Amino acid sequence: MPGLKELAYVVYEASDLDAWEHFGVKLLGMQTGERTQNGVTLRNDEKAYRWVITKGPADDLVASGYEVDSDAALDNIVAKLRAAGFQTTLGDASLAAARKVARIVVTADPMGNRVELVTHFANAPTPFRSEILAGQFLTGACGAGHQFILTKEVPQQDAVNFYCDLLGFRISDRIVEEIAPGIVADAMFLHCNPRHHTIALGQIPHPKKTHHFMLQVTDRQDVGYAWERCLKAGQPIEMTLGSHPNDQMLSFYVKTPSGFAVEYGWGGLLIEDDSTWEVKTFNQLNNWGHFDPAQELAWLQQGLAKTNAA
Ligand SMILES: [Fe+2]
């Protein structure tokens with residue numbers, strides 16, 4: 001289906017560039033693209049970059065770049081956005097050059113998140129090489145990964161309408177679970193290519209604009225290796241190893257130096273054929289695991305106490 005192809009890149013503003021570069025390269029297995037005083041880019045495949053980390057105090061998501069497969073498709077999306085009352089601005093040549101794209105149009109989603117629609121996102125001049133991965137990151141037609149965007153006080157349906165009706169995403173499924181008395185997590189999962197979801201739009205209590213970015217690896221062992229690297233580095237863990245019932249991803253969540261998380265996963269479901277895909281609603285976020293580390297530690301300590309008492 002012509003139109004929006006993939007999540008090409010994300011832009012984060014972070015107070016500690018060194019920590020981000022170390023986190024991305026040494027713990028996650030990404031590769032530095034370009035490093036300056038004011039920013040660092042990180043790669044996870046042949047593309048010029050996938051994450052732009054710019055120096056600043058926000059420690060949050062600044063922009064998301066989505067690649068569109070043709071000029072005509074971009075014009076069509078822009079026309080729909082304008083007809084629906086969304087402002088669009090054509091990015092100038094310097095922004096296009098900085099992002100390494102041919103054309104760039106900037107708009108904002110109903111939450112106010114900056115959305116950049118681009119064409120011809122460039123490859124890097126050199127092949128991707130991870131210092132530590134056994135396999136590769138799963139990208140290609142599936143794009144950079146997926147991200148969970150918080151809908152905050154915006155009605156979830158407004159956010160879904162923006163991404164589906166205007167940008168061209170399709171609904172994958174939904175999860176609604178009461179995670180604590182009176183607190184309901186409600187997430188809609190949307191796809192634009194075979195990756196089960198490229199965006200999740202959710203209402204969960206969280207201080208940032210984004211809950212996490214998901215990096216998927218092709219070798220299951222790389223999830224274990226990354227888990228061990230993060231544990232040994234003392235990197236704060238958001239959620240321990242576990243699995244989701246909808247995309248069936250085996251993953252853990254580690255906090256970035258900016259406080260939101262990276263989901264590091266393997267085995268996520270692909271949606272190959274929309275005509276046979278059935279949209280379901282699940283009532284639990286996790287099949288197993290994905291525990292708060294404090295809970296998991298308490299269980300480990302209980303077991304340890306029994307071992308020591310024996
Ligand atoms: Fe995720």
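Trainee: What share of the 310 residues in the chain is buried?
Mentor: Buried residues come to 39% of the 310. Keep in mind that this is a predicted model.

Trainee: OK, and how many helices and strands are there?
Mentor: The chain has six helices and 18 strands.

Trainee: What's the radius of gyration, and what would a compact globule have?
Mentor: The chain has 19 Å, and a compact globule with 310 residues would have a value near 19 Å, so the two agree. The C-alpha atoms fill a box of roughly 70 × 40 × 35 Å along the principal axes.

Trainee: What about contacts between residues at least 6 apart in sequence: how many of them join residues at least 24 apart?
Mentor: That's 66% of those contacts.

Trainee: Let's switch to helix 4. Which of its residues are buried?
Mentor: Helix 4 covers residues 156–166, and its buried residues are A159, F162, Y163 and L166. They span an arc of only 115° around the axis, which means they sit on the same side of helix 4.

Trainee: And what do those buried residues pack against?
Mentor: They pack against helix 2 (71–83), plus strand 11 (183–191) and strand 12 (199–203). Just after helix 4 you'll find G168, which has a positive phi of about 105°.

Trainee: How many bridges join strand 10 to strand 17?
Mentor: Three, and the two strands run parallel. As for a residue pair, D173 stands opposite K280 in strand 17.

Trainee: One more: where is G3?
Mentor: G3 is in the segment before strand 1 (4–14).

Trainee: Why does G3 count as partly exposed?
Mentor: Because G3 has 17 C-beta neighbours inside 10 Å, and a residue needs 20 or more to be buried, or 12 or fewer to be exposed.

Trainee: And which residues does G3 touch, leaving out those up to four places away in sequence?
Mentor: G3 touches V68, D69, A73 and G168.

Conventions:
Residues numbered from 1 in each chain as written. Predicted model: local features only at pLDDT ≥ 70, side-chain atom pairs only at ≥ 80, totals over all residues. Helix = DSSP H or I, 4+ residues; strand = E, 2+ residues; numbered from the N terminus. Rg over C-alpha atoms; globule rule 2.2 N^0.38 Å. Contact = placed C-beta atoms within 7 Å. Arc of directions from axis to C-beta. Pairing = 2+ DSSP bridges.
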